[in-house]
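These are my notebook entries on one protein model. I set down each item that I looked up, in the order in which I looked.

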Amino acid sequence: MLVAPSILSADFGNLARDVEAICQGGCDYVHVDVMDGHFVPNMTIGPVVVEAVAKAATKPLDIHLMVEDNNFFIDLFAPLKPEFISFHIESEKHANRVANKIRELGIRPAVVLNPHTPIESVEYLLEYVDMVLLMSVNPGFGGQKFIPSVVERAVRLKDLILRRNPQCLIEVDGGVSDQNIQELKKAGVDVVVAGSYVYKHPQGVAAAIESLKV
Ligand code: DX5
Ligand code: ZN
């Protein structure tokens, strides 16, 4: 299992320190949640702060856009050369065009589905993306309760992926912990995002990351 801790649960007064801690603690990607206050009822960070995160990180960035205007934010973040930029299918009228644009910028495109968006809505996008992110909470905030139906959704998505683009990864985001990591693994999930579990773990971030590497 690849682990992408979400810096949303970091101490923003010590952001560089907390980014370095997860990188040294063995994470695979640094998950960056970008919220615009329109697509989700919360706002987070823009290019100046994400640039500071990129500077502190020794692992590639996984930028999760929760915004209405994907094109605007892709242009802002592309110069930072993240590994992935993911956009929500619910906020995009021209998903195929946006996925191609991300790839042309030298970044791996990923598409995100809210917990109740049908898996089939991305079937014909699978050949254009490198990853599908399934939300296991309603996006907007860290520390929410895991919605268990994501496990069944991952199994069904895996089936479509095997038919359309076997290279495509499945990522799950929201409420992930050592309590659900085994069932996610069994369902075929490749990458997990974890914010509060990693940053609030009593044994520290490295132990938390280790416990998710199943
Ligand atoms: C929620 C974000 C998540 C969030 C996960 O909108 O996309 O990445 O930070 O936090 P936890 O792991 O605390 O649910
Ligand atoms: Zn996220």
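In which helix is Ala207 found? I located Ala207 in helix α8, residues 205-212; helices (H or I, at least four residues) and strands (E, at least two) are DSSP runs, numbered from the N terminus. I noted that Ala207 is partly exposed, with a relative accessible area of 30%; buried means under 20% relative accessible area, exposed over 50%, and partly exposed in between, with a 1.4 Å probe and protein chains only. I then looked up Glu183, which is 24 residues from Ala207 along the chain, and found 20 Å between their C-alpha atoms.

Entry on conventions. I am working with a predicted model, in which local features need pLDDT of at least 70 and side-chain atom pairs count only at pLDDT 80 or more, while totals for chains, interfaces and linings use all residues. Residues are numbered from 1 along each chain as its sequence is written, chains are lettered from A and ligands numbered from 1 in the order in which they are written, and side-chain values use heavy atoms, with hydrogens and water left out.

Entry on the whole protein. I recorded eight helices and eight strands. The C-alpha trace spans about 40 × 35 × 30 Å along its principal axes. For 214 residues a compact globule would have a radius of gyration near 17 Å, and the 16 Å of the protein agrees with that; the radius is taken over C-alpha atoms, and the globule rule is 2.2 Å times the number of residues to the power 0.38. I noted that 55% of the 214 residues count as buried. Of the contacts (heavy atoms within 4.5 Å) with a separation of 6 or more, 63% come from residues 24 or more positions apart.

Entry on the zinc site. Which residues coordinate the zinc ion (ligand 2)? I found His31 (NE2), Asp33 (OD), His64 (ND1) and Asp173 (OD), at 2.1 to 2.3 Å. Donors are N, O and S atoms within 2.8 Å of the metal (3.2 Å for Na, K and Ca); water is not among the atoms, so sites may look incomplete. Along the chain the donors follow the spacing H-x1-D-x30-H-x108-D. His31 lies in strand β2 (residues 30-35) and His64 in strand β3 (residues 61-66), so this pair ties together parts that are 33 residues apart in sequence. I found both His31 and His64 buried.

Entry on cysteines. How many disulfides does a search of the whole structure find? I recorded zero, a disulfide being a pair of cysteine sulfur atoms within 2.5 Å. The closest cysteine sulfur to that of Cys23 is in Cys27, at 4.4 Å, too far for a bond. Cys23 counts as buried at 5% relative accessibility, and Cys168 counts as buried at 2%.

Entry on loops. I placed Asp28 in the loop between α1 (15-24) and β2. Leaving aside neighbours within four places in sequence, Asp28 is in contact with Met1, Leu2, Val3, Lys59, Pro60 and Lys213. Asp28 and Pro60 are 32 residues apart along the chain, with 7.4 Å between their C-alpha atoms. Lys81 belongs to the loop between α3 (70-77) and β4. Its phi is near 50°, a positive value in a residue other than glycine, and Lys81 is exposed at 58% relative accessible area. I found His94 in the loop between β4 (84-88) and α4 (95-104), partly exposed at 41%. From His94 to Asp33 I noted 61 residues in sequence and 22 Å in space, C-alpha to C-alpha.

Entry on Pro47. I found Pro47 in helix α2, residues 47-56, partly exposed with a relative accessible area of 30%. Not counting residues up to four places away in sequence, Pro47 touches Leu76, Phe77 and Leu80. Gly175 lies 128 residues from Pro47 in sequence and 26 Å in space, C-alpha to C-alpha.
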